[in-house]
Amino acid sequence: MNLLSLSWRYAWSRPLSAWLNVCMLALGLGALAVILMAHQRIEQALERDVAGIDVVVGAKGSPLQLILAGVYHLDVPPGNVALADVEALRSHPQVAQLIPVSLGDNVAGFRIVGTTLDYPALYGAQLASGQWWQAPMQAVLGAQVAHATGLRVGDRFHGLHGLGEGGHPHGDHPYVVTGVLSTGHHVLDRLVLTATESVWAVHETDMATDEEDLAALQAEREVTLALIRYRSPLAAVSFPRQVNSATSMQAAAPAYELTRLLRMLGAGADVLRALGVTLVLVSALSVFMALWQAVRERRADLAMLRMLGAGPARLAGLLLAEALWLASVATVLGLSLAQGLMAGLPALMPTESAGLVATATWPEELWAVPALAAGVALLAAALPAWGAYRVDVAHLLHSQD
Amino acid sequence: MIETRSLVAAFRGGTPIVFPDVAVPQGGTLLLRGPSGSGKSTWLAVVAGLLAPVSGQVVVAGTPLLERGARLDAWRARHVGFLPQKLHLSPALTVAQNLALVYWASGLRPDPLRMQATLDALGVSGLADRLPQALSGGQAQRVALARAVLLSPSVLLADEPTASLDDESAQAALALLQQTATTVGATLVLATHDARAVHAVHAACSVAQSAGGSAQDVIEMTLQRMN
């Protein structure tokens, strides 16, 4: 019988109240853990998807919208821009790489992105099966898309017009799947990649009424936006300004817009975190009341321990260990709950945002949870421990009480 | 042995009580009589080293008790056995664990053989795995007594050991107490306001003496209610 086993026995000597307290604390800690993990996951996902992209050029409008549409594929793009204008930027001395992105269609809610092979290369995407597209109307599916639609290499599918589900199908132009990407935990997981020419082919023949019309449309070819990598970081100073003033397009820097977005998200996250801390404090109070109650009920027990030779510090240690036991059980429960929830969350979320949260993680901030639980235990045990310090042996001796 | 001289003591905030001098030899029996509120508890607390006297001298088992503190906690564990009226066996622990608590409280290494032997001597060895709630009153008192004498204390303090017992059980309980105290060589203090206990103790003592035992005379100290 040592301090740990003894305090364990005492902590569970009244199982119902112990369990209620543990559950309450576990819920509070779990809620806090979910908030911390979700926040970290979203931030990480947002930062990862921006990798290597210095600036996004697209139609004029909200810069944040352009980033959300072009980098994260969450929002609709502000509009299209002329291919000629974009191609003109390719020869700009400060541009190291330019990747065109054309949006407009979807399959089962997943966006079909017309681009070049530079785009998957940007994320270091690997093929799980098949090969990259060689010609228009060949498509490579992101892992999540393949999983959700059940499409495999060699299958055919029709794109739907628009970026959400429910557009009219482009019946004459089926895509053929040539490859499936392996899961990369980035935005490509939920995209369908194809050659830029595919998007043109689908829309031009759909819209053109005769040969002449088709030729006119081909002359006015557009892309939705372009992802650009600079030759030198110094370009960030002049390049966007140049684009914004000298062309009919706008340039938006993802890093800047991301910071802005996180700041906006941050306010909400702070409220949630405050809520989580409040939950934990409420449960701290209940653990405190449980311990205080236990000390009152066990006053004679504790006095008996004093009589048997235990010093006041030993009794205080006993109560502290009891509180720590309850807190550790609650921490394990709360964190398992949170990890389980985070693992199950993508299944419950709309496909567009599911990529933002996934898999169990242990971000550094999560150490706050066991730390907080220990703090709660110390706090909740402090007053009862002091009470145990003052346990009056009179309670033991007064035969008439 | 227990010796007090000009002892004055007071519980926290209470009026100081002046106690008569007493000298009990090692192995002797002290009958501490008096109604509720006459200071029996205060006297027991002083002798157990839980309460520092206001003035006067107290020597228990050769140790003068002047201050409280960690040193006295360790001393108490080693030298004072205590049988409270309500027994105070921990309901969260089995009989064996309640005994093991003695070692935990005193910081000593548990001695399972000794625990077994002590339970054996009191005839309750078969109950080691029971919870206190599953014991009869008499069994619980024997277990509590086993806990009190586990470390062979020099002094065994029993607070109202007969209060809730009928005449027959009271006599048996007192006989057991005296016999156990004699076995471990402890000085026995019986604090009681029960007149039956007083007769029973004398009776048990004369039985022991007539049987050729070496039991010493019973010393009596009677306290009066203060107000």
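Contact here means heavy atoms within 4.5 Å, and angles are taken between N-to-C directions, from 0 to 180 degrees. With that in hand, the predicted model can be explored, starting with helix H6 (residues 167–184) of chain B, which lies across E4, E7, E8, E9 and E10 of chain B and runs at about 155° to E9(B).

Those strands belong to an open sheet of five, arranged in the order E7-E8-E9-E4-E10 (chain B) with parallel pairing. At the edges sit strand E7 (80–83) and strand E10 (218–222) of chain B, each of which pairs on one side only. From one strand to the next, the twist averages 15°. Helix H5 (residues 137–149) of chain B also packs on the sheet, where it touches E7 and strand E8 (155–159) of chain B; the direction of H5 makes about 165° with that of E7(B). Within the sheet, strand E4 (residues 29–33) of chain B is joined to strand E9 (residues 187–192) of chain B by five bridges, and Thr29(B) has Leu188(B) as its bridge partner.

Attention now turns to the partner chain. Between them, chain B and chain A bury about 2,900 Å², with 62% of it on carbon and sulfur atoms. Phe82(B), His88(B) and Trp104(B) supply 25% of the area that chain B buries against chain A, more than any other three residues. One salt bridge is found across this interface: Arg306(A) pairs with Asp73(B), their closest N and O atoms being 3.0 Å apart. Seven residue pairs are in polar contact between the two chains. On the side of chain B that touches chain A, H3(B) gives the largest share, seven residues.

Methods: Residues numbered from 1 in each chain as written. Chains lettered and ligands numbered in written order. Predicted model: local features only at pLDDT ≥ 70, side-chain atom pairs only at ≥ 80, totals over all residues. Heavy atoms only, no water. Pairing = 2+ DSSP bridges. Helix = DSSP H or I, 4+ residues; strand = E, 2+ residues; numbered from the N terminus. Buried area = accessible area lost by both parts, 1.4 Å probe. Salt bridge = Lys/Arg side-chain N within 4 Å of Asp/Glu carboxyl O. Polar contact = N/O pair within 3.5 Å; in protein donor to acceptor, adjacent residues only side chain to side chain.
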